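Look over the structure first, then read the points below.

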Amino acid sequence: MKTVLVFKTSINSELTIKQKVEHLLNNITRNPDSWNFDLEDCDNILRVETQNVAPEEIINPLIKEGFYCEELKD
């Protein structure tokens, strides 16, 4: 069963995504179509559709790269 994980981030530009985040998220999810950002939202939302990735697997690498990342619960 697929779930959608939603995160508040400090990532605020397409350039940052391309240069620093895209490769990281593709390695974690193994599917470039499974994640996206809503940079027009004030929380710079990252959504990840997954079956087997835990929130910490997204949060910890982004924090290690210097970004803020917090899972938003329902």
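**Pocket and helix packing**

The largest pocket has 14 lining residues, and Lys2, Asn31, Ser34, Glu49 and Thr50 lie nearest its centre. A pocket is an open set of points on a 1 Å grid over the protein atoms alone, where a 1.4 Å probe fits, with protein on both sides within 12 Å along at least five of seven lines; lining residues have an atom within 4 Å of a point. This is a predicted model: local features need pLDDT of at least 70, side-chain atom pairs need 80 or more, and totals for chains, interfaces and linings use all residues. Residues are numbered from 1 along each chain, and side-chain values use heavy atoms, without hydrogens and water.

**Pocket**

- The volume of the largest pocket is about 190 Å³.
- Strand β3 (residues 45–50) gives the most to the lining, with four residues.
- The lining divides into three nonpolar, seven polar and four charged residues.

**Helix pair**

- Helices α1 (residues 14–29) and α2 (residues 55–64) pack at about 150°, with axes 11 Å apart.
- That makes α1 roughly antiparallel to α2 (angles over 145 degrees count as such).
- The α1 and α2 crossing is right-handed.
- From α1, Val21, Leu24, Leu25 and Ile28 meet Glu57, Ile58, Pro61 and Leu62 of α2 (contact means heavy atoms within 4.5 Å).
- Residues of this α1 and α2 contact divide into seven nonpolar, no polar and one charged.

Definitions and conventions:
Axes are lines fitted to C-alpha atoms, for helices over the stretch in contact, and angles run from 0 to 180 degrees between N-to-C directions. Helices (H or I, at least four residues) and strands (E, at least two) are DSSP runs, numbered from the N terminus. Angles under 35 degrees count as roughly parallel, over 145 as roughly antiparallel, 65 to 115 as roughly perpendicular and the rest as oblique. A crossing is left-handed if the near helix is turned anticlockwise from the far one by less than a right angle, and right-handed if clockwise. Ala, Val, Leu, Ile, Met, Phe, Trp, Tyr, Cys and Pro count as nonpolar, Asp, Glu, Lys and Arg as charged, and the others, Gly among them, as polar. Grid points are joined across faces, edges and corners, and a volume is the space filled by probe spheres set on the points.
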